[in-house]
Amino acid sequence: MSRPHIPKSAGEKETLVAFLDYQRAVMIDKASDLTQEQWGQRLEPSTMTLGGMIHHLVVVEEHWFASAFLGEELGEPWASVDWEADPDWEWNFAPTMDSETVLDAYRRAIERSNVIIAEAESLDQASIKTHPSGEHWSLRWILVHMIEETARHAGHADLIRESIDGSTGDFRDD
């Protein structure tokens with residue numbers, strides 16, 4: 001996978017989306033071309049897996065952009081999960097899932113999130129849902145948070161992928 005271009009001089013929305021898209025692409029690259037065993041491999045003492053991270057990022061994309069920002073309820077498979085019984089369900093279940101199915105779900109979630117971002121009035125647009133404090137999140141806040149969330153997991157993914165096959169860096173083929 002080639003590196004997504006991050007413009008050096010662009011508007012705020014384009015710049016934020018480019019940085020987020022870059023980190024998303026890193027995650028897809030790190031989790032691609034793995035056996036089922038590698039998809040669920042852990043780097044002790046952590047319980048994180050590349051499969052779990054991608055599955056987690058699917059629900060995070062859907063939560064922040066469709067649910068929190070637009071006010072939609074999460075659809076399946078999330079709606080049927082007993083989150084109280086297993087608050088880390090997406091992490092725990094993913095290693096048993098087909099990697100391409102989860103990666104495709106991530107790609108679809110990214111596409112939907114990018115449509116939501118593109119259709120937003122501005123970065124100042126407030127979310128429909130609110131924080132327990134009653135505050136709304138701006139789209140700007142959500143984008144910055146998603147960059148932070150995805151980049152943090154990209155660092156985790158780099159360590160796990162290195163332990164699997166020795167590859168390091170943002171992209172294996174560049």
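**Legends to the views of the predicted model**

**View 1. The surface and overall build of the protein chain in this predicted model.** About 9,000 Å² of the protein chain is accessible surface, and carbon and sulfur atoms hold 52% of that area. Of its 174 residues, 44% count as buried. The secondary structure consists of six helices and two strands, and these elements follow one another from the N terminus in the order α-α-α-α-α-β-β-α. The radius of gyration is 16 Å, close to the 16 Å that the globule rule gives for 174 residues, so the protein chain is as compact as a globular protein of that length. Taken along the principal axes, the box filled by the C-alpha atoms is roughly 45 × 45 × 25 Å.

**View 2. The charged side chains of the protein chain, 14 positive and 33 negative.** The centres of these two sets lie 4 Å apart. Twelve salt bridges are found in the structure, and the views that follow show some of the residues concerned.

**View 3. The salt bridge between the side chains of Lys30 and Asp158.** The distance from N to O in this pair is 2.7 Å. Lys30 belongs to helix H1 (residues 12-31) and Asp158 to helix H6 (residues 139-165), so that the pair, 128 residues apart, links distant parts of the chain. Lys30 counts as buried because its relative accessibility is 1%, whereas Asp158, at 22%, counts as partly exposed.

**View 4. The salt bridge between Arg112 and Glu72.** The closest N and O atoms of the two residues are 2.8 Å apart. This pair, too, links distant parts of the chain, since Arg112 lies in helix H5 (residues 99-119) and Glu72 in the loop between helix H3 (50-69) and helix H4 (89-93), 40 residues apart. Arg112 is partly exposed, with a relative accessible area of 40%, and Glu72 is likewise partly exposed, with 31%.

**View 5. The salt bridge between Arg107 and Asp104 within helix H5.** Here the closest N and O atoms are 3.0 Å apart. Arg107 and Asp104 are three residues apart in helix H5, and therefore about one helical turn separates them. Arg107 counts as partly exposed at 28% relative accessibility, as does Asp104 at 34%.

**View 6. A network of salt bridges.** Glu12, Asp124 and Arg140 are the residues that this network links.

How values were computed. Residues are numbered from 1 along each chain as its sequence is written. This is a predicted model: local features need pLDDT of at least 70, side-chain atom pairs count only at pLDDT 80 or more; totals for chains, interfaces and linings use all residues. Side-chain values use heavy atoms; hydrogens and water are left out. Helices (H or I, at least four residues) and strands (E, at least two) are DSSP runs, numbered from the N terminus. The radius of gyration is taken over C-alpha atoms; the globule rule is 2.2 Å times the number of residues to the power 0.38. Buried means under 20% relative accessible area, exposed over 50%, partly exposed in between (1.4 Å probe, protein chains only). Accessible areas come from the Shrake-Rupley method with a 1.4 Å probe; for residues, only the protein chains shown count as cover. Lys and Arg count as positive and Asp and Glu as negative; His and the chain ends are not counted. The place of a charge is taken as NZ of Lys, CZ of Arg, CG of Asp or CD of Glu. A salt bridge is a side-chain nitrogen of Lys or Arg within 4 Å of a carboxyl oxygen of Asp or Glu.
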